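This note concerns the arrangement of domains in the structure below and the contact between them.

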Amino acid sequence: MVVDRGLLAPVRAGVPIETLVSDDAWIEAMVEVELALARAQARLGIIPASAAEQITVALGTRRLDTRAIAEAARGAANPVVAFVQQLQRVVTEIDPVSAGYVHWGSTSQDILDTATMLIARRALSTILTDVETAVEALARLGRAHRDTPIAARTLGMHAVPTTFGARVANWALGLRDAADRLRRVRDHGLPVQLGGAAGTFASYIECARGSGGELAGASATEIYTRLTDEFATELALPTSVAPWHSVRTPLADLAAALVTTSGALGKFAVDVISQARTEVMEVYEPAGAGRGESSAMPQKRNPVLATMIRSAALQTPALASTIYIAMLAEDERSPGAWHAEWQPLRECLLLVGGSAHTAAELADGLRADTDRMSRTLALSHGQLVSERLSILLTPLLGRVQAKAVLQAAAFEAEEKGRSLADVLAENVAVREHLEVAEIHELLRPENYLGLAPDLIDLVLDRT
């Protein structure tokens, strides 16, 4: 029976990340790791070349029973023991001698940690593609609205004017920063793991020295370096200066990149949700058959893409915290801390992968209602440009008087439903320094945008 088909996690249901981090994918990655180890050892003369060939042939034609391995994993508290037993049985059917070289000198953590690095690299590549697709779509949207004025909000209230392009630039900035982190981890932060039973590499050294091969007389350091390099080359993963069985920084770095990405995607989502409110309705999600429907209210068109992205962003940090806590791994292998990483890491990959895929769709189809943006901007009757008047009037009236004049004018404008410009035009102190037409011009939102129209280019043109 399949327990999880994504029913309670629609953000990742049916998207590519599910296949990449499935149980079957982990089994396939462990097979790749075992094959890479055998080939690396064969090239260095640690095991016979024929053994590596027979192992490759046997595992290339047989499919392992993932469910049986999962159930048997209860006996060892990890899936690798039962997995290796299946491998050995499969190879024995072809060549019993070669079966003895399966998993030669290795330990469960070497195989599972390295397989996890393979899974993570593939997952991060897919996530990166979706994040970059979202950034490209946001680039088009932001440049199309680089000069579209909207009301910036601080603490939920109108603050000063900005542009919709500037808001989109903020979304793109967060996603580009996240992509940089994902790329660094994918390309440099997912090392192979080879350490043997307790991270001393003793078993691999013994196998090498007893082989009669080229490393038979080599030092322990040379054997570690040569075998690890060959192993890493097979898998196209980086090496580590030493085994990292109980030093979980690679997992912590991976978790950090995923949380950062989730947060950047979530920022995009919460802003879309805010601007899609009925009272605001400045943006619309892309339409689709059945999308946004309510089971009870026929009129609803809910921002479901943004909702799913936000849901993932709310869950990922808590899941990742388990990975950080598991860094407190006592001795050379922890009873429980290592084991506690597996499922939370997969859930993080699933949620961020689903979120990034959803964000790419949202960014590509997001539509802006510029008329609604203009109407929302006009609600304050010019008050959101009062900062500009404060800067201009302070040297003329003094800071205390300038603040008092503007506050009184703002309160009167709000109370009587008048524009701030009209109220200030009646103030004697202000009129001593500014003409009526000048006051109106100074309080036009489109004349106080600062750097906002240029932000999209600053974000997207950076190297």
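**Notes on the domain interface**

1. Over residues 381-460, the chain is 66% helix and 0% strand, with its end C-alpha atoms 33 Å apart. This is the stretch to which UniProt, in an unreviewed entry, assigns the feature "domain: Adenylosuccinate lyase C-terminal". The model under discussion is a predicted one.

2. The protein chain is divided into two parts, domain 1 spanning 10-372 and domain 2 spanning 380-454. Their C-alpha centres are separated by 53 Å. Eleven residues from domain 1 and eleven residues from domain 2 take part in the contact.

3. The size of an interface is often expressed as the accessible area that is lost when the parts come together. Here domain 1 and domain 2 bury about 830 Å² between them, and carbon and sulfur atoms account for 67% of it. Of the area that domain 1 buries against domain 2, 51% is supplied by R146, V160 and P161, more than by any other three residues.

4. Which residue forms a salt bridge with R146? The partner is D454, and the closest N and O atoms of the pair are 3.8 Å apart. Across the interface of domain 1 and domain 2, one salt bridge is found by the rule applied. One residue pair in polar contact, both at pLDDT 80 or more, is likewise found across this interface.

5. On the side of domain 1 that touches domain 2, β1 (149-154) and β2 (157-163) each supply at least two residues. The most is given by β2, with six residues. Sorted by class, this side of domain 1 comprises six nonpolar, three polar and two charged residues.

Terms used. Residues numbered from 1 in each chain as written. Predicted model: local features only at pLDDT ≥ 70, side-chain atom pairs only at ≥ 80, totals over all residues. Heavy atoms only, no water. Domains from an automatic or database assignment. Contact = heavy atoms within 4.5 Å. Buried area = accessible area lost by both parts, 1.4 Å probe. Salt bridge = Lys/Arg side-chain N within 4 Å of Asp/Glu carboxyl O. Polar contact = N/O pair within 3.5 Å; in protein donor to acceptor, adjacent residues only side chain to side chain. Helix = DSSP H or I, 4+ residues; strand = E, 2+ residues; numbered from the N terminus. Nonpolar A, V, L, I, M, F, W, Y, C, P; charged D, E, K, R; others polar. UniProt positions renumbered as here; feature names shortened; annotations may be inferred.
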